[in-house]
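Please look over the two chains below before reading on. The text after them goes from the whole chains to single residues.

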Amino acid sequence: MIGLLRVILPVCLLVLATPAWAHSPIMGIGGVFGGMLHALLIPEHGMSLLALGVALGLQQPVASRSGVLIFVAALMGGLVVTAFIAEPALAADILLAATGILGLLIAAAWVPPVVGWVLAAIAGVTFALDSRPEVTSTDEIIRMLIGTGIGAALALALVRGASTFLKGNAARIVMRVLGSWIAAIAIMDLALRIVTRIATG
Amino acid sequence: MASAAVSKRSTSRSLRFGLLLALLSVMAGPALAHSENGVAIDFVGGFTHPIFGPDHVVAMVAVGLWGAFLGIPAIWILPVVFPLVMAIAGALGVLGMPLPGVETGIALSAIALGGMVAFAAKPPLWVAAVLVGAFAVFHGHAHGAELPVGADAIAYSMGFVIATGMLHVSGIAFGALSHWPAGRIAVRAAGAVIAVIGFAYLGHFI
């Protein structure tokens, strides 16, 4: 019986143990694939791609395609800059603000082409500037940034393509609610970031 | 004989000690590294924050109930207005901007929104939206002022907003019963219960 307990007790303790994430769940996955995951798995980035994709999906096909191209161009330019400079402090905040505005536009189901294009450009540049990987090797940084560019462009194209199929009243309501949630999350996140920054100096 | 009895007693004591240890280890809770007053600043912390405040819960459910009761387009406009205004007011609360009468406003929101459902009130859409938005200010500010300054702001915000949305959806789902005569009575009764809970909060009975 004692022997049984000696087995059960360590098993109980082992079952209760939770993983210790020293860094990130995708640590160790580098290169182009790591960069692609980096683009998709950071919540702020994923949310910005979702918001921009849905917003562009609400536009007419020509304006929508132009928006994607503007985003990709801005993203590429931003990635080139990111490869050579340190991450600017406000890039994440500006990306979040752009995401919040996109959320509001989705909730209103009103995305004028010019506004969509400007936001696509802002999102592209800030997305890239906020994507500098935390590795020391320049080659690895460049590989990961290439992956980030491919991942972000593909994800945006997929979301935009999928959102153009969302027709009908129910789908429009779901999109409006989604937009309001995106905007609300962005507003709260931004406020928490500002206060945290003030509190921590 | 006596030594056998002593050995049996010792085994029994070891067994109890072992079982006690196993029980204690099973009961152990996680240690929250980024927390303030035991509140985790992550998705779960954000998700549970609105759910653990009954006064908030009833008001958010009432928004969904009233939206379902009013029908299209109120069924989606009210649940869109509420989180947006709540987030803006929450941001002001986080930033430390004072707002007087927050608790009274929250209790009044349950009374007013529950009362609207109970009395089957059907005001113009803009009146309903303004009313819901006005009460969302109090809820948002209260949540914002309580939020701990911490690490994973995006996960916390996502959990918070999704939980709020889910409470609206649960209200809408229950409010959908109003398509049937018996369901209509049940929905109006639920509105009355929410209003009574609001009165209880207003009178500090809860």
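Predicted model: local features only at pLDDT ≥ 70, side-chain atom pairs only at ≥ 80, totals over all residues.

Residues are numbered from 1 along each chain as its sequence is written, and chains are lettered from A and ligands numbered from 1 in the order in which they are written.

Chain A has 8 helices and 0 strands. Helices (H or I, at least four residues) and strands (E, at least two) are DSSP runs, numbered from the N terminus. Read from the N terminus, the order in chain A is α-α-α-α-α-α-α-α. Of its 201 residues, 42% are buried. A residue is buried if 20 or more other C-beta atoms lie within 10 Å of its own, exposed if 12 or fewer, and partly exposed in between, with C-beta atoms placed from the backbone. For contacts in chain A between residues at least 6 apart in sequence, 88% link residues at least 24 apart. Two residues are in contact if their C-beta atoms, placed from the backbone, lie within 7 Å.

Chain B has 8 helices and 2 strands. Its elements follow the order α-β-β-α-α-α-α-α-α-α from the N terminus. Chain B has 206 residues, and buried residues make up 47% of them. Among contacts in chain B with a separation of 6 or more, 86% are between residues 24 or more positions apart.

Confidence in chain A comes next. The predictor's confidence in each residue is given as pLDDT, from 0 to 100. Chain A has a mean pLDDT of 85, and 85% of its residues reach 70 or more. Which elements of chain A have the lowest and the highest mean pLDDT? The lowest belongs to helix α1 (residues 2–16) of chain A, at 54, and the highest to α6(A), at 96. Over residues 14–25 of chain A, pLDDT stays under 50, and the model has 3 contacts beyond four places in sequence for this stretch.

Two packed helices are described by the angle between their axes and the distance between the axes. Axes are lines fitted to C-alpha atoms, for helices over the stretch in contact, and angles run from 0 to 180 degrees between N-to-C directions. In chain A, helix α4 (residues 61–84) and helix α6 (residues 113–129) have axes that come within 7 Å and cross at roughly 25 degrees. α4(A) and α6(A) are therefore roughly parallel to each other. Angles under 35 degrees count as roughly parallel, over 145 as roughly antiparallel, 65 to 115 as roughly perpendicular and the rest as oblique. The crossing of α4(A) past α6(A) is right-handed. A crossing is left-handed if the near helix is turned anticlockwise from the far one by less than a right angle, and right-handed if clockwise. Among the residues that meet are A:Gly67, A:Ile70, A:Phe71 and A:Ala74 in α4(A), and A:Gly116, A:Trp117, A:Ala120 and A:Gly124 in α6(A). By class, this contact of α4(A) with α6(A) has 16 nonpolar, 7 polar and no charged residues. Ala, Val, Leu, Ile, Met, Phe, Trp, Tyr, Cys and Pro count as nonpolar, Asp, Glu, Lys and Arg as charged, and the others, Gly among them, as polar.

Helix α3 (residues 43–57) of chain A packs with helix α7 (residues 138–164) of chain A at an angle of about 40 degrees, and their axes are 7 Å apart. That makes α3(A) oblique to α7(A). α3(A) passes α7(A) in a right-handed crossing. The residues that meet include A:Leu49, A:Gly53 and A:Leu56 in α3(A), and A:Ala152, A:Leu156 and A:Arg160 in α7(A). The contact of α3(A) with α7(A) divides into 9 nonpolar, 4 polar and 1 charged residues.

Some single residues remain. A:Ala109 lies in the loop between α5 (91–108) and α6 of chain A, and its phi is near 50 degrees, a positive value in a residue other than glycine. A:Ala109 counts as partly exposed because it has 13 C-beta neighbours inside 10 Å. In chain B, B:Ala120 is in the loop between α5 (102–118) and α6 (125–146). B:Ala120 is not a glycine, yet has a positive phi of about 55 degrees. With 14 C-beta neighbours inside 10 Å, B:Ala120 counts as partly exposed.

B:Pro73 sits in the loop between α3 (54–70) and α4 (74–94) of chain B. The peptide bond joining B:Ile72 and B:Pro73 is cis, with omega about 5 degrees.
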